[in-house]
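User: I am new to this structure. Please show me how to read its main features.

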Amino acid sequence: MSINKFKLLTVIPDSDISSSMIFAKRQASSLNYPEIESKIFYLPERTSLRGLFKSFIKFKELLKQFQPDIIHSQYGTITSFFCAFTNHKKLIITFHGSDLNKTPSDGIMRDLVGRIFSQVSTLRASKIVCVSSSLKGCLWWNRNKATVLPVGVNTEKFIAFSQTESREKIGWKKESKIILFNGNAPIVKRIDIADEVYFLVKKEIPKCELVVLKGDIDPEQMPLYLSASDCLLLCSDSEGSPMMVKEALACNLPIVGIEVGDVSERIAGVKNCVITKRNYKLLSEEVIKLLNKNERSDGREKLIADGLSEKKVSERLLQIYLEVLNK
């Protein structure tokens, strides 16, 4: 079967005005190929039956009008379950982390139900994409349909800017040593450990500051924050393929992290990037070493060599779509 052009409907669990799920929105927007006619359906309400019913009516109307050849669910749990039972024969699901990993901080029942929805959804999937090998290992069924493909980084936007100029634009002090921490889900990301690490590091380096990102920064400003910082700290309980790590690599920001998701694979062999145990004393020792060393990483080179630029990932995703259509 030869495919000249096909219709793709991407479903994202968010609204079109929020910065949440920005990585999924960017991936959908990167698929600028003559073979694809693309639309995005946003699923903003996932906990209200009334809201889900309204979305379902809109979704069915869109399916009738647009008649997509492929539906791509850009998350598991309710989103993939919602897509799986529209009786559409070509469904691709991308699992990003918390949709298959245990997240007890969401509440035991909500966590369990969400993961069950994810697993049941795979029974209707034509293809499954997991952003890390560890996530693929979480699948109960249809692992033979699963491929590992992390979300890519726009390496034209995420570049290593001048640290001095970046700090001037943000308003940070030139002499400070900045530890950057993604705390948009503080319990899972382990803000408690980050605070302990900061306490110990500040004893050794008084001009050290911990900057906690809480999801209120314009995503377009993130390259500046990564370029202005001295170190990224990661100590999460669970991850898929954390975008912050890949974006930090693209900006040559040193990283101190733990063995979670695909972090070890991403920073393997990268200068001034370290993996240690989820222990605040060990993490603080590594952060102190990096801050005193005061050198950038060479992570951008590794990221590109791994084929994780947004362009390369979108090319691989296009091939997945074509494979599904040809089956």
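Analyst: The turns below go from the whole chain to single contacts.

User: What should I know about the model before reading it?

Analyst: This is a predicted model, in which local features need pLDDT of at least 70 and side-chain atom pairs count only at pLDDT 80 or more, while totals for chains, interfaces and linings use all residues. Residues are numbered from 1 along each chain as its sequence is written, and side-chain values use heavy atoms, with hydrogens and water left out.

User: How many helices and strands are in the protein?

Analyst: Helices (H or I, at least four residues) and strands (E, at least two) are DSSP runs, numbered from the N terminus. The protein has 14 helices and 11 strands.

User: How many of the residues count as buried?

Analyst: Buried means under 20% relative accessible area, exposed over 50%, and partly exposed in between, with a 1.4 Å probe and protein chains only. Here 53% of the 327 residues count as buried.

User: What are the buried residues of helix 12, and what do they pack against?

Analyst: A contact means heavy atoms within 4.5 Å. The buried residues of helix 12 are Leu283, Ser284, Glu286, Val287, Ile288, Leu290 and Leu291. Their packing partners include helix 8 (191-204), strand 7 (177-182) and strand 8 (208-213). Just after this helix, asparagine 294 has a positive phi of about 60°.

User: Where is threonine 122 found, and is it buried or exposed?

Analyst: Threonine 122 lies in the loop between helix 4 (108-121) and strand 5 (127-130). Because its relative accessibility is 0%, threonine 122 counts as buried. Leaving out residues up to four places away in sequence, threonine 122 touches Ile93, Phe95, Ile128, Leu139, Trp141 and Asn142.

User: How many salt bridges are found in the whole structure?

Analyst: A salt bridge is a side-chain nitrogen of Lys or Arg within 4 Å of a carboxyl oxygen of Asp or Glu. A search of the whole structure gives 17 of them. One joins aspartate 111 to arginine 115, with the closest N and O atoms 3.2 Å apart. These two residues are 4 apart in helix 4, so about one helical turn separates them. Both aspartate 111 and arginine 115 are buried.

User: Which salt bridge does lysine 157 form?

Analyst: Lysine 157 meets glutamate 220 at 3.3 Å, N to O. This pair links distant parts of the chain, 63 residues apart: lysine 157 is in the loop between strand 6 (146-148) and helix 6 (163-170), and glutamate 220 in the loop between strand 8 and helix 9 (222-228). Lysine 157, at 40% relative accessibility, is partly exposed, and glutamate 220 is also partly exposed, at 42%.
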